[in-house]
Amino acid sequence: MDPAAVAPILDADRVSLRFGGVRALTDVSFSVRRGEIFSIIGPNGAGKTSMVNCVSGRYRPTEGRILFEGRDITRVPTRQRAGLGIGRTFQNLALFGHMTVLDNIMVGRHHLLRSGFLRGMVYWIGGAQREEIAHRREVEEIIDFLEIQHVRKAIAGQLSYGLRKRVELARAVALRPKLILLDEPMAGMNLEEKEDMARYIVDLNEEWGMTVLMIEHDMGVVMDISHRVMVLDFGRKIAEGPPEAVLADEHVKRAYLGEADEVVSEPEEAVA
Amino acid sequence: MATMTPAGDYRSTYREDMTIFPTRGSRIALWVGLALLCLAPLVLDRYLLHLLINIGFLGIAALGLNILVGFTGQISIGHAAFFGFGAFASAWAHEALHIPVALAIPLAGLATALIGLVFGAPAARLKGLYLAIATLAAQFILEDFFARARWFTGGVAGRVTEPFSLFGFAFDTDETYFYVVLAFVVVMFAGAANLMRTRDGRALVAVRDHYLSAEMMGINLAYYRTLSFGIASFYAGIGGALYAHYLLFVSVEAFNILFSIQFLGMVIIGGLGTIKGSLMGAAFMVLLPEVVQSLADMLAGGAVDRALKLGASISYLREMAIGAAIILFLIFEPDGLAHRWQQIKAYWKLYPYSH
């Protein structure tokens, strides 16, 4: 498949975001093609999460537009974006801590379920039971895929960090999103957990057909699994392209990976 | 709730895995318990039946408050006013509109739900202390309404109500009315348990636990925050209506803020965010004064009474003991009776190999 030939699923068109005098994002444009893994990298405070929040609806861009499948969603409320096909995980865990893992994932089915509170209360009569069972079946598929069978009845807040990350991914997958936003899926994980997570992301992309927009600090993972990478620095886009090209980019080296020459040359200048 | 299932309890269908009572033992306990309760009016004396009936309608109202406070994570200090509204609404509907009591009770629940939605509207925007003050306003506005709306409440004279009757049979004694309350308790508690295991119930808990990610899941926060008020008020209204047709007289003074606080006490002591805790909390609040009262009666005139010269102040022991019990609960069992019950069950399941 040639990703370039595919229509973009997500377009950010000259997006700017300001909080008072702070410019979180300035004129950022990019597009994510259907079926690719697109990563956003950049130093801390570069505006990566702000960008994802604009896509997920948490923030509304001060200027610019966001298009999802060609439709302008800049002003669509957050809660309607699940129905459009956008799911996300959060940088700091955002599970429903007192619910079981199963219930957490079932919440991900919210926009697909039809039984409201009245039918829910008469569980056995109004079809709520049938619906719950049907969706439970799908949820179990996700549970199998992410290998969390052993904790499905555990309280989510009591799980280890790595497992909670996986449950959160499961919850986002349960939305059946076309585009899944992952905010630092590997943060705080050990090597083995990172490898697992990378495998899940690749599988989601290749087998479940989800387009992935990911923020990640682990450059190894980013370079290995991304089709394309965008680099932000101080809220501006400084590079975009295939991982190797981005890595070779001079701006990126300077901004993100540190400027080796400069560090070496500085003492000389000071002497001079 | 994470529950421990005994070894050998296998489920081969999702349907079996999604029951309210997860184990065979708990299901047997349920049916045996219900059967015993059905026999209760034949065995128990009127005083104990009176207590059980009180636990019943207070438990229904407490369950409503628990859905609001425990499950949705909001706050209401006006629950007694909604309870009162349900009581008057049912009595008024029967007398003024000639609706049979059996129908007036659910209608009173619906009317109270509507009032609850009106007063719950600020909940879509307010949280925490600000919401608490808004519900406090509901308490005072409704109390004032009760005092002024003589056509509805009978004013300071109060309102006399008719007993519950169905197909010409009047449930006008403790023995018979017990069954009415029991039926309502079963239906209302089953309804709540069902709600919490389906879409909208999970959405309520999701709003409580993490509203930002709940929104990302497609949950409309304002809708569910307001809905929670509606459901809570519905339960309060049903509870109040059952109260009205039990006492056969409703007075405007009964539904003050102290009563609202008692409802909060019930859900905290019973266990926030638990269905059965609501009933346990109501039972605790009903039984504690009785137990303390009988203790006080035992003390009265005895050696301790004479030695400490308690005399008339012995009756205050009751109020003090209730206050002390609540404080002790908050310190030693903040998760409530339902949690303690889980721990006791876990202890016996693992006994004697608890570690």
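Reader: How much of chain B counts as buried?

Author: Of the 355 residues of chain B, 43% are buried, where buried means that 20 or more other C-beta atoms, placed from the backbone, lie within 10 Å of the residue's own. This is a predicted model, in which local features need pLDDT of at least 70 and side-chain atom pairs count only at pLDDT 80 or more, while totals for chains, interfaces and linings use all residues. Residues are numbered from 1 along each chain as its sequence is written, and chains are lettered from A in the order in which they are written.

Reader: And what is the figure for chain A?

Author: In chain A, 44% of the 272 residues are buried.

Reader: What does the secondary structure of chain B come to?

Author: Chain B has 16 helices and four strands; these are DSSP runs, with helices being H or I of at least four residues and strands E of at least two, numbered from the N terminus.

Reader: Which helix angle can you give me for α4 and α12 of chain B?

Author: Helix α4 (residues 79-96) of chain B packs against helix α12 (residues 257-270) of chain B at about 110 degrees, and their axes are 7 Å apart. Axes are lines fitted to C-alpha atoms, for helices over the stretch in contact, and angles run from 0 to 180 degrees between N-to-C directions. α4(B) is therefore roughly perpendicular to α12(B), a label that covers 65 to 115 degrees.

Reader: Which residues make that contact?

Author: H79(B), A80(B) and A81(B) come from α4(B), and F259(B), S260(B) and F263(B) come from α12(B). Contact here means C-beta atoms, placed from the backbone, within 7 Å. By class, four are nonpolar, two polar and none charged. Ala, Val, Leu, Ile, Met, Phe, Trp, Tyr, Cys and Pro count as nonpolar, Asp, Glu, Lys and Arg as charged, and the others, Gly among them, as polar.

Reader: Turning to the interface, how many residues of each chain are in contact?

Author: There, 28 residues of chain B are in contact with 37 residues of chain A.

Reader: Which element of chain B gives the most to that side?

Author: α9(B) gives the most, with eight residues. The side of chain B that touches chain A has 13 nonpolar, nine polar and six charged residues.

Reader: Lastly, what are the spans of the two chains?

Author: Along its principal axes, the C-alpha trace of chain A spans about 85 × 40 × 40 Å, and that of chain B about 60 × 60 × 45 Å.

Notes. A residue is buried if 20 or more other C-beta atoms lie within 10 Å of its own, exposed if 12 or fewer, and partly exposed in between; C-beta atoms are placed from the backbone. Two residues are in contact if their C-beta atoms, placed from the backbone, lie within 7 Å. Angles under 35 degrees count as roughly parallel, over 145 as roughly antiparallel, 65 to 115 as roughly perpendicular and the rest as oblique.
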